[in-house]
Amino acid sequence: IGTANELKWFAKYVTEVSSTANAKLTANIDYTENKKDFIGATRDVPFRGVFDGQGNTITIALESNNTGRTALFAYIVNATIKNLIVEGSVTSAGENCVGGLAGRSEGDNTLIENVVVKTAVSYTGTNGDATCGGLFSDVEHKATIKNCAFVGSINTGTAEGNGGLVGYAHSGSNQQYINCLVAPTEYTKNGNSGEFSRNNPTVINSYYVASDDARLASGELCYNLNADGDNWFQCIGEDTYPMPFNTHSKVFFVGEDGYATMYDAEKDWKLNGAQAYIAKANGNKLQLIGVEDIPASTAVVIKGGYYNKVETSATSDVTVNELLGTTEETTADGTMYVLAKIDDKVGFYKAEGTIAAGKAYYQSTSGVKAFYFEGGDATGISDVNVNLNEDNAIYNIAGQRLQKMQKGINIVNGKKVLF
């Protein structure tokens, strides 16, 4: 299906010929001129097939004054709807219910997966028993909603059984919301309305947040939604919220300490959302030097939070870089230093055991026990074997002058010394 006329034909075909027909979208479709051409238009002839959007978008402007459900898929039974984006508007002014994607669902095998709904859902009637839902107006029996997002608006009017994903779940129904996101631009809750549903479904690793929550744009929620695999993607700095399509970029997390290392022997990369550094030794110091991109076979330190790795043709000059990298798990030989956090200090410490593949390390035989950095600069910790004389003033890190070296970090002639 690649045009509005073909989608309208399919809706009619489901009703008049085969309710189990399957379909795939081959293009984005503007369906706004078809105000009442729902798929699975009646409860007697619901849609029972598989509808695969293949990442395409259907734009709707549906409306109804009837007593049925108002939605692109008005009624479905054991149907699968996947890989689809729906935007536009859907409005009911009668006694009926409204869903951003579908109306009523029945059966034990309904699956909605990898669907993003941006629809403006509105109920303008006077029936308090009407229901509005970001995806469904109501569900009976069982429905699994996985890797789906509602980022549109819900104006419930007098309707009292509403939800960010499902308006009303009938008694005894079994709903599972897995890795889902609800971030409405507007949602007026009435009566028994809920964040995800009027009732209490099984909610697994799903989030309800305000549309201006900073975690949406930063990539944090995208990363968190991937608790059980790579299902969500986001181009940081471009996408305002995550998308369940791999046409967008995977989100990585530097870590709670704000630093990580990286090494790739094959590909050039550019980072969005984090800064990459090469490193150069200067006496007993290790300085970090920021680079715009990362040529293949360049070991780097990464500073930041949530970020993308984007393939590029790197142009940064990394000839001074003294960091090394691993392509496979490597046994530390006593001269290797890896990124770690010890005593609340993040830095390069002497490695023990093995170094994981794809990580950077620094190699030194100078006797230096550790290298650490603060902010964007790396500062070395000198070996205890320094030449002390009467001119060497010794201080602790609090700035107090000492008579002799103490265990821990000492400041000697402006240099940090580990004793």
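## Basis

Buried means under 20% relative accessible area, exposed over 50%, and partly exposed in between (1.4 Å probe, protein chains only). The model is predicted: local features need pLDDT of at least 70, side-chain atom pairs count only at pLDDT 80 or more, and totals for chains, interfaces and linings use all residues. Residues are numbered from 1 along each chain as its sequence is written, and side-chain values use heavy atoms, with hydrogens and water left out.

## Salt bridges

With a salt bridge taken as a side-chain nitrogen of Lys or Arg within 4 Å of a carboxyl oxygen of Asp or Glu, the count comes to 9. One of them pairs arginine 69 with aspartate 138, with the closest N and O atoms 3.0 Å apart. Arginine 69 lies in strand β4 (residues 69-70) and aspartate 138 in strand β12 (residues 136-139), so the bridge ties together parts 69 residues apart in sequence. Strands are DSSP runs (E, at least two residues), and helices are runs of H or I with at least four, both numbered from the N terminus.

Aspartate 138 also bridges to arginine 104 at 2.8 Å between the closest N and O atoms. Arginine 104 is in strand β8 (residues 102-106), 34 residues from aspartate 138. Arginine 104 is buried at 4% relative accessibility, as is aspartate 138 at 1%. Salt bridges with shared partners join Arg69, Arg104, Glu106, Asp138 and Glu140 into one network.

## Asparagine 231

Asparagine 231 sits in the loop between α3 (220-225) and β22 (252-253). Its contacts (heavy atoms within 4.5 Å), not counting residues up to four places away in sequence, include Asn147, Met243 and Phe245.
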